[in-house]
Amino acid sequence: MDDFLLRAMLGGFGVALVAGPFGAFVVWRRLAYFGDTLAHSALLGVAVGFLLHLNLTLGIVVICQVLALLLFFGQRQRHLASDTLLGILAHGALSLGLVALAFMETVRIDLMAYLFGDILAITAADLAWIFGGGLLALLGLLWIWQPLLAITIHEDLARVEGIAVDRVNWFFLGLIALAVALMMKVVGMLLVTALLIIPAATARRFAAGPEWMALLASLIGCVAVGGGLYGSYLWDTPTGPSIVVCGCLLFIFSFLLPAGFREHPVRK
Amino acid sequence: MTGETGEKLLELTDVGLTLRDREILQRVCLQVDRGEILTIVGPNGAGKTTLLRVALGLQPPTSGRRYLQPDVRIGYMPQRLQLDATFPLSVRRFLSLAAPGPAASLADALEQVGAAHVFDAPLHSLSGGEMQRVLLARTLLRQPDLLVLDEPVQGVDVHGQVELYRLIARIRDERACAILMVSHDLHLVMAATDRVVCLNRHICCSGAPETVTADPAYLEMFGPLGVQNLAVYTHDSEHRHDCSEEHR
């Protein structure tokens, strides 16, 4: 196998493994639009990276974190509905990124690569980011797993029972921002949310518990990456979108299989 | 923690709450003692759930004080779970999240509320009554001194309601805890409570069920829609809103 294909495969698997558990929480807590907003800030991160002579991935990570922080505090005010706020931040950040890049006359970026991902151009350094950052994100998630589940079930209940709800939520948003920034390279800012929610939604019918759903989502994501890469190689289609198409097919075909977890078991 | 029956666990003094220029609670005084069942009744929009949130410490009041005796463990049973349909969770796992422990103690708590048969069922498959029982079992697992129940019989048929109220009274008897609950329904709950607080932003009347149900303020609020109520209603001298109001 060619080197670039091997790197693409590794990077794709790494990203899918991270996306599984985070995607499960995105689905449970209805944060799809939130993930999308974070992803939209990627170009701004690239611009900041160029401006400050930072590693571009680091620039994206930093800007995603800043946006997550803004959203965290923004959602505590009551003047704007949270989807309005998300819309303003998402498109504001995207446009600001494009305008900022236009000002930098010496900089020419491949816009398509940022919009839809460029998995075939993954370098060894990118792999280090994906696996290092991904491990960090997963360990962080593991650390807050139980309280985060409790908050997902009922926020007030968790608060009454002494869980530091705000702190856990804040930490979780930071972790998602990190995961989204890492996923950017593989599927691009427009398709990040797809890689988060499609495997998780597919896993739902076969999962008997939250942990199973998270693990299964990771596996299904890996299958989507593998299938998408193969299809892209076979038919010369764009890789990021091919991965998402493969994920969608898995989602649809999953309904042909019997569910592993009966929704309404016979009792009594 | 265990203590003497009658010891003061929670007290709200002159609590007022104004949110976005709307006055939601006005000079509310409330005391919950160990071993008693106190029920808050009132029409829709009276601020019942908000008052519970203040009592739980979830909503800071704009005026007044909240006192919770140190070391009191609160068991809270919310009206409903905001559980997304995509969240796969069995009753067993749900209970273990509240109180990690051996499966036997979880099953035991379910047994106590008469819902042992749903132990391995997914939470989404429960009926209204089963769900309320599971939520109740969950609060019991935390060994509470003070149980706070928000509409505990919601979505349960009349027969089930009677059973649930009986269960709640039995929990109070066996565990010597205090119970503070909100109820929509008037008739069944009166038989199951020691003291009633009738709330409509402010406390209209409070006391033993017999006293409250005879109170003009109560009759005005809930009485048959007969118009005469309005005509005969006079603000009687027993109807006070300050903290000196007698509790029993």
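The model is a predicted one: local features need pLDDT of at least 70, side-chain atom pairs count only at pLDDT 80 or more, and totals for chains, interfaces and linings use all residues. Residues are numbered from 1 along each chain as its sequence is written, while chains are lettered from A and ligands numbered from 1 in the order in which they are written.

**Chain B overall**
- Chain B comes with 9 helices and 9 strands; helices (H or I, at least four residues) and strands (E, at least two) are DSSP runs, numbered from the N terminus.
- Its 248 residues are 42% buried, where buried takes 20 or more other C-beta atoms within 10 Å of a residue's own, exposed takes 12 or fewer, partly exposed is in between, and C-beta atoms are placed from the backbone.
- Take the contacts in chain B between residues at least 6 apart in sequence, and 69% of them join residues at least 24 apart; a contact puts two C-beta atoms, placed from the backbone, within 7 Å.

**The sheet in chain B**
- Chain B has an open sheet of 6 strands with mixed pairing, running β5-β6-β7-β3-β8-β9; strands pair if DSSP finds at least two bridges between them.
- At the edges sit β5 (74–77) and β9 (202–207) of chain B, each pairing on one side only.
- From one strand to the next, the twist averages 15 degrees.
- Helix α1 (residues 48–56) of chain B packs on the sheet and touches β3 (37–41), β5, β6, β7 and β8 (195–200) of chain B.
- The direction of that helix makes about 155 degrees with that of β6(B); axes are lines fitted to C-alpha atoms, for helices over the stretch in contact, and angles run from 0 to 180 degrees between N-to-C directions.
- Strands β6 (residues 146–150) and β7 (residues 178–183) of chain B run parallel, joined by 5 bridges.

**A helix pair in chain A**
- Helices α11 (residues 192–203) and α13 (residues 239–254) of chain A have axes that come within 9 Å and cross at roughly 20 degrees.
- That makes α11(A) roughly parallel to α13(A), a label for angles under 35 degrees.

**Positive phi**
- Most residues other than glycine have a negative phi.
- Arg30(A), though not a glycine, has a positive phi of about 55 degrees; Arg30(A) is exposed, with 10 other C-beta atoms within 10 Å.
- Arg27(B) has a positive phi of about 40 degrees and lies in strand β2 (residues 22–33) of chain B.

Notes. Angles under 35 degrees count as roughly parallel, over 145 as roughly antiparallel, 65 to 115 as roughly perpendicular and the rest as oblique.
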